[in-house]
Amino acid sequence: MNDFDWTEQPHRRFNPLTREWILVSPQRMQRPWQGQIEAAAATEILQYDPACYMCPGNKRSTGNVNPSYKNVFVFDNDYPALLPDGEPAKINQRDLLVAETESGICRVVCFSPRHDLTLSGMSEKDIRCVIDCWVGQFQELGARSEIQCVQIFENRGATMGASNPHPHGQIWSTASVPNIPKAEQESQAAYRKAKNSCLLCDYYSLEASEAVRHVVQNEHFLAIVPYWAVWPFETMIVSKRHLGAIDEFDSNERDALGNILKRLTTRYDNLFQTSFPYSMGFHQRPTDGHDHPEWHFHAHFFPPLLRSATVRKFMVGFELLGMPQRDITPETSAETLRALPDTPLPRL
């Protein structure tokens, strides 16, 4: 099959991590936009909010009072999606109506006592405290015999469903491996078996040689717009060393992760000169007690904004019924993000 002009021709791209396809339609970038425009996010946020249930010293809805914490604070989610110590049970009616109980532990990680900060506004020293907390939580929760997966993530901004602007993330640890990490595990294991190599090590080498989808990098991590990205400014952070999980990082790599998180999120904020919404999370080896040499640590950023601070992408129609689709190419998105400074720009 001959090559084609991917900057003009509609085409499909394959995601080897999930083994799914995405439709890219670069010719549609010229179409006029008359879709939904979101309200611009408010920019004035207090350093301390007496009504915030995450700020130091405040009372939560359960009646518990937060300590006067100075850097990172972790607590069990007051309204968890999962409950610990559930009684195992299953339902199966003719392999059509199938259900089983799922137990787990959900926690909230407050990144800072400051109500008005985000990762991009925090110092690298303070982000390192968050990373050390993530490592500790991964080890503590993953050591429990009933926990097979520890999913660390952050929803930033009301657009992404964050119920509180206080800088925080969540950790959901589950008794089974969820769909997407399971798909990635199967793909990485199959690739290792077929090629006797690591999928993301090979992908990193390819991206390092082409250097067209780079956004920012340091000695230990590379942030790129993946070749198969679905969201307009989706990015992925890949560790340069083959590491299965965050608890395998040495001290320099923990510092470097904080550095690239700050620099990437600052570029996001600079793109539309707004506090950029996203969902971010780490994918790393399961905690099921088995060795997983196939796993390579990486982080996904899924931001919804498309054309401005007030225009977002929606997954509808063909994307719900057929496959994901994007207009702007990943290469163009990477070029746009790469051209931005990783120091804050003044807000308009």
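Modeller: Helices (H or I, at least four residues) and strands (E, at least two) are DSSP runs, numbered from the N terminus. Leu-321 lies in helix H5, residues 318–321. This is a predicted model, where local features need pLDDT of at least 70, side-chain atom pairs count only at pLDDT 80 or more, and totals for chains, interfaces and linings use all residues. Residues are numbered from 1 along each chain as its sequence is written, and side-chain values use heavy atoms, with hydrogens and water left out.

Colleague: Why does Leu-321 count as exposed?

Modeller: Exposed means over 50% relative accessible area, buried under 20%, partly exposed in between (1.4 Å probe, protein chains only). Leu-321 has 79% relative accessibility, so Leu-321 is exposed.

Colleague: What makes His-115 buried or exposed?

Modeller: Its relative accessible area is 4%, so His-115 is buried. His-115 sits in the loop between strand S6 (104–110) and helix H1 (124–142). His-115 and Leu-46 are 69 residues apart in sequence, yet 6.3 Å apart in space, C-alpha to C-alpha.

Colleague: Why are H4 and H6 called roughly perpendicular?

Modeller: Angles of 65 to 115 degrees count as roughly perpendicular, under 35 as roughly parallel, over 145 as roughly antiparallel and the rest as oblique. The axes of H4 (residues 251–271) and H6 (residues 330–338) cross at roughly 95° and come within 9 Å. H4 and H6 are therefore roughly perpendicular. Axes are lines fitted to C-alpha atoms, for helices over the stretch in contact, and angles run from 0 to 180 degrees between N-to-C directions.
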